[in-house]
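Trainee: Please take one part of this model and describe it closely, with the cut-offs behind each term.

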Amino acid sequence: MKFGMRTPSIKKSIKARTTGKAKRAIKKALIPGYGKKGAGWIKDPKKAAYNKVYKKTSFGIMDLFK
């Protein structure tokens with residue numbers, strides 16, 4: 001588990017803003033319930049719990065400027 005600042009990655013940041021947006025749009029159109037709040041807890045509760053703790057214990061470089 002990561003505590004503290006996450007290591008920034010420009011490559012991953014750009015990829016998340018471009019490719020991911022298109023994929024999410026397609027999945028949202030095809031899969032009912034995709035992207036809905038709480039769907040992660042139903043699909044994979046272990047990963048959802050990990051992600052919730054990770055988000056609360058780590059921060060990115062851009063969070064410092066908010």
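Mentor: F59 counts as partly exposed because its relative accessibility is 32% (buried is under 20%, exposed over 50%, partly exposed in between, with a 1.4 Å probe and protein chains only). The model is predicted, so local features need pLDDT of at least 70 and side-chain atom pairs pLDDT 80 or more, while totals for chains, interfaces and linings use all residues. Numbering runs from 1 along each chain as its sequence is written, and side-chain values use heavy atoms, without hydrogens or water.

F59 belongs to strand 2, residues 58-59 (strands are DSSP runs of E of at least two residues, helices of H or I of at least four, numbered from the N terminus). Together with M5, I61, M62, L64 and F65, F59 makes a nonpolar surface patch of about 610 Å² (members have over 30% relative accessible area and no salt bridge, nonpolar side chains being joined within 5 Å and like charges within 9 Å; areas are by Shrake-Rupley).

S58 also lies in strand 2, but is buried because its relative accessible area is 6%. Its side chain makes a polar contact of 3.1 Å with that of R6 (N or O atoms within 3.5 Å, one able to donate a hydrogen and the other to accept it; sequence neighbours count only between side-chain atoms). A polar side-chain atom of S58 also lies 2.7 Å from the backbone oxygen of Y54. Beyond four places in sequence, S58 contacts K2, G4 and R6 (heavy atoms within 4.5 Å).

R6 also forms a salt bridge with D63, their closest N and O atoms being 4.0 Å apart (a Lys or Arg side-chain nitrogen within 4 Å of an Asp or Glu carboxyl oxygen). D63 is partly exposed at 36%, as is R6 at 29%.

Conventions:
Accessible areas come from the Shrake-Rupley method with a 1.4 Å probe; for residues, only the protein chains shown count as cover.
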